[in-house]
Amino acid sequence: MAFTPSLDTALSLRGVEGRATSARNSLLRRLKTVLPVFPFVVYVALGLGVPTWIITNLAFRTRSGQLTMHNIRTITSGGQYLFGFETSLKLALVTSLIPGVVGTFLAYAIAQSDHEYFKRVLAAAAGVLANFGGVNLAFMFIAALGPAGLADAWLAHIHLNPWNHGFDLYKFSGVAFVYMYFQVPLMVLVITPALNGLRPQWREAASNLGASKRQYWRHVGLPVLMPPVLGSMLLLFGSGFSAYATAEAMTGGTIALTPIQIGAFLSGNVLSGEENIGYALGFGMIVILLVTVAGYTLLQRRTTRWLRA
Amino acid sequence: MSQEGLRDLLVDDALTSRDAPDSVPIRRRPRPRFGRAAILIIAAAYFILPVYAALDFSLQNLQGHFSLQPLTQIASQPGFGAAVGLSFKLSVVTLVIELLLMVPTVIYVHLRLPRFRRVMEIITILPIVIPPIVLILGVLQAAKPFQWLSASPYLLALVYVILAMPFVYRSLDSGLGALDLKTLVEASRSLGAGWIATMWRVLIPNLRTALISASVLTLALVFGEYTMASLDLWTTVPVWIVNSSTNNPHIQVAVSMIFLIAMWLVLTIIVSLDRSHRRGKGQLS
């Protein structure tokens, strides 16, 4: 009687021990498989994680390092910083909605073409233009549409000088107009895979079942395309919200956008007592953009259900 | 197992879609598509007119007459040579770190750790999302305690590696997706090649197009990046364009246009290379 339990214990002990060693082995094996991605993970943690943590941390601290809500309260309680966020959000909204719609139609027009080479050249052009933000873009538009720009001269010939109709390249309307120059190609780039994922078979099936072109779009095309289109628009929203160089080079920092305000902070143009406001602004941008990414990921998941190209 | 099933499914689809062109001519009616043409023409006008206007502007002298003067004067502008040199050095360092870090990692993940692909996809989208202006804010603060780092221009290169990750990852990922990686590696290994030989002599030649386009995008990024360089107080080419005290705006625009045209040329060449590459593969199968 007393013997059995001890045998039981021994057996179960050995079992536990065996399980423990095998667990340790499998843990080791798993570690070994994961090891080669360590350099990448460490690099990203240092280059992306640490700076993000520092900004978050400093957003809630006074200059001398005490915890405070003062910075956050300052940027959310009105004044120029809240106005900066409003303008930035408005700009991001305008430059994601319009290029989102225009870019989708444009990408569709390109995708429908039968000339493979034409498509590839346009894809390369979209790649170039989507990355052609910043200083070079700003200077190109100053030459084209600035007060002494050539396109202005052409338009003035037909009595349509945009500067006489409320357009100012160095204000909101101008910045929004210029942003579309990289936002539309960006939309074309990101939405094209989804458009290519629309199978010809679906259209054939729909028409075999007697659907008209409109019915096909209403019941098949649009529902399938909606998540990727919205997701891509969110991406555009993020890109428009965080762009700095274009607006800075064009307006010389006179437009009240949050990125420009952070830039001013980094260049040392801050009032005393507001030294950590820059970090709070950065933190605010990160929060807004994280919400955007969360939405993007959700929509992406819906997309992949149908359009796994 | 599901992976295999998925591959079968994809192969199936590839076959059916390759069959599809045969059935297309029957369906197609020779009808001009005005909507499509209108969209393409308006877009072309929006994208080409500013380029044309800026080109025109960059080929004028100060009196507004046509002249090649701005182009000939670029090189002699004070500080321009130094800016190009710095941008060049940064782009080389960025590219080397980027490729050393990403190529082995992405290949390994494709071969042995496919579950990690989702994580990498999410991680590599973060640099698109976190604005450069916010990132540099944190980076400058993080590098502050390390004098040797914060005083060096190569701090920028280290951050550019992060900025370039989205392009490079996507390019490599799709390049590897188009290869039958497992077969290539197994064949190479069973012929007695070590890992380094396999990488260098089998995988990298097969990834040529993906690597070239990733590299070009990285170079374009480094040569065009203004936000971080200007706030870290280093005069790279874009910073020079903005700050140059030249009293000739035609020169500034000319430099911008050269940048655009160079990028365009290189990417178009890559596209053409890619095309011939694909055609060769098509003949094989």
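**Confidence**

For the complex, the predictor gives a pTM of 0.79 and an ipTM of 0.77. Chain B has a mean pLDDT of 80, with 83% of its residues at 70 or more. Within chain B, helix 4 (residues 80–112) has the highest confidence, at a mean of 93, whereas helix 1 (residues 2–27) has the lowest, at 40. The pLDDT is below 50 over residues 1–26 of chain B, and this stretch makes two contacts in the model beyond near neighbours in sequence. A further stretch of chain B, residues 277–285, also stays under 50. Where pLDDT is low, the predicted coordinates should not be read in detail. The two stretches are set out below.

| Stretch of chain B | pLDDT | Contacts beyond near neighbours in sequence |
|---|---|---|
| Residues 1–26 | below 50 | two contacts |
| Residues 277–285 | under 50 | one contact |

**Domains of chain A**

The domain assignment divides chain A into domain 1 (3–44) and domain 2 (70–306). Taken over C-alpha atoms, the centres of these two domains of chain A are separated by 50 Å.

Helix 6 of chain A (residues 134–145) has twelve residues and spans 16 Å from its first C-alpha to its last, close to the 16 Å expected at 1.5 Å a residue. Twelve of its twelve residues are buried, among them Gly134(A), Val135(A), Asn136(A) and Ala143(A). Ala143(A) also stands out in the largest nonpolar core: of the 144 residues there, Ala143(A) and Val159(B) touch the most other members. Beyond four places in sequence, Val159(B) is in contact with Gly47(A) from chain A and with Leu135(B), Ile136(B), Val139(B) and Met228(B) from chain B.

Pro238(B) lies in helix 14 (residues 237–243) of chain B. Pro238(B) counts as buried because 27 other C-beta atoms lie within 10 Å, the cut-off being 20 or more. Outside four places in sequence, Pro238(B) touches Gly134(A), Val135(A) and Asn136(A) from chain A, together with Gly224(B), Glu225(B), Tyr226(B) and Ala229(B) from chain B. Glu225(B) is 13 residues from Pro238(B) in sequence, and their C-alpha atoms are 6.8 Å apart in space.

Key:
Residues are numbered from 1 along each chain as its sequence is written. Chains are lettered from A and ligands numbered from 1 in the order in which they are written. This is a predicted model: local features need pLDDT of at least 70, side-chain atom pairs count only at pLDDT 80 or more; totals for chains, interfaces and linings use all residues. A nonpolar core is a set of buried Ala, Val, Leu, Ile, Met, Phe, Trp, Tyr and Cys residues joined through C-beta atoms within 7 Å. Two residues are in contact if their C-beta atoms, placed from the backbone, lie within 7 Å. Domain bounds come from an automatic or database domain assignment. Helices (H or I, at least four residues) and strands (E, at least two) are DSSP runs, numbered from the N terminus. The expected span of a helix is 1.5 Å times one less than its number of residues. pLDDT is the predictor's confidence in each residue, from 0 to 100.
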